[in-house]
Amino acid sequence: MTRTVTVGLDGSRESLAAAEWAAREALRRELPLRLLYVQESDSHPRVLSELDPEARERWEGLPDETAADLVRRHPGLDAAVERLAGRPAEVIGDAAGEAGLLVLGSRGRGALAGFLVGSVALSTVAHVGCPVVLVRAGTAERDTAEVVVGLDLARPREELLEFAFDAAVRRGAPLVVVHGWDPPPVYGINPVAVSPRLIDDLAEEKADALARVLAPWRERHPGVEVRPRAVVGRAAHHLLEAAENASLVVVGRRNRRARLGFHTGPVTHALMHHSPAPVAVVPHD
């Protein structure tokens, strides 16, 4: 079965931004683009019945028009529309099994409210088996800007690093690898209370450990400029700072068998809600 870059489309600004991002990514990966248009089986017919014939025709023609516009603006793109009916979270989740990458739009409500992820996107991210990229409307395309990945040195997942290095290679972009750490509790809760010498020693240990994890990946990808950052403090805070200048932020999510609940972890959850850049959530064991 041919893998695809699949994008959920509903006509919102967010989903159109996701479609644009997905089209660029499909070309980078040399994969077909699949535009998934889900007609919600319960509420959608009632919505259409309230529209005048001209508005209804525009709504129903949206998927094909979007695909045609993407192909026109991105020569060489192979794009196809698939119309499905049902509950969006369930339909998109099932369709993701055929995708190499799933792209969804995310709603933004201004700088103060931050990055509000809809229930469909959040549920999908938590349960599908392929990487999911969340794209908010109004995000400028910065293909050659840094790719940022958050890494836990206690569990440096290969799936996460593979995705991040691949993204950097395809964009010709530097890769920033962020590991946030705190001094052990025995040294005090407040790092400021710890002697500068001790902090320096611990920082050197973390930097050396990060360099060892990245060494084989540097050998596999000698063309990627790698910028490791082992920094004191919450990983989410440092990742959000790095996201300001990033083309993509990559974080992980542990695969869980439970169908209920959102099993994304606090760092991934924070990035999904507040990152100004697109966020790729990569599942791992």
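Student: Which side chains does Glu-20 or Arg-24 meet in a salt bridge?

Tutor: Side chains of opposite charge can pair when their charged atoms come close. A salt bridge here is a side-chain nitrogen of Lys or Arg within 4 Å of a carboxyl oxygen of Asp or Glu. In this predicted model, Glu-20 and Arg-24 meet each other in such a bridge, at 3.1 Å from N to O. Both lie in helix H1, 4 residues apart, about one turn of the helix. Helices (H or I, at least four residues) and strands (E, at least two) are DSSP runs, numbered from the N terminus.

Residues are numbered from 1 along each chain as its sequence is written. Local features need pLDDT of at least 70 and side-chain atom pairs count only at pLDDT 80 or more, whereas totals for chains, interfaces and linings use all residues; side-chain values use heavy atoms, with hydrogens and water left out.

Student: Why are Arg-29 and Glu-25 separated by about one helical turn?

Tutor: An α-helix has 3.6 residues a turn, so residues three or four places apart point the same way. Arg-29 and Glu-25 are 4 residues apart in helix H1, which accounts for the separation of about one turn. Their salt bridge has its closest N and O atoms 2.8 Å apart. Arg-29 is buried at 18% relative accessibility, and Glu-25 is buried at 2%.

Student: Where is Glu-30, and what is its phi value?

Tutor: Glu-30 is in the loop between helix H1 (13-29) and strand S2 (33-39). Its phi is near 55°, a positive value in a residue other than glycine. Glu-30 counts as exposed because its relative accessibility is 74%.

Student: How should I read the buried residues of helix H4?

Tutor: In H4 (residues 88-95), the buried residues are Pro-88, Val-91, Ile-92 and Ala-95. Viewed down the axis of H4, they fall within an arc of 95°, so they line one face of the helix. The arc is that of the directions from the helix axis to the C-beta atoms.

Student: Which residues have the most contacts inside the largest nonpolar core?

Tutor: In soluble globular proteins, nonpolar side chains tend to be buried together. A nonpolar core is a set of buried Ala, Val, Leu, Ile, Met, Phe, Trp, Tyr and Cys residues joined through side-chain atoms within 4.5 Å. The largest has 44 residues, and Leu-33, Val-103, Leu-175 and Val-250 have the most contacts inside it. Apart from this core lies another, of 30 residues, including Ala-95 and Leu-239.

Student: Which strands pair with S10?

Tutor: Two strands pair if DSSP finds at least two bridges between them. S7 and S10 run parallel, joined by 4 bridges, and Glu-146 has Ala-246 in S10 as its bridge partner. S10 also pairs in the parallel sense with strand S11 (residues 279-284), over 6 bridges. Of the 9 residues in S10, 8 are buried.

Student: What pLDDT does the chain average?

Tutor: pLDDT is the predictor's confidence in each residue, from 0 to 100. The chain averages 82, and 79% of the residues score at least 70. Over residues 43-47 the pLDDT is below 50.

Methods. Buried means under 20% relative accessible area, exposed over 50%, partly exposed in between (1.4 Å probe, protein chains only). Contact means heavy atoms within 4.5 Å.
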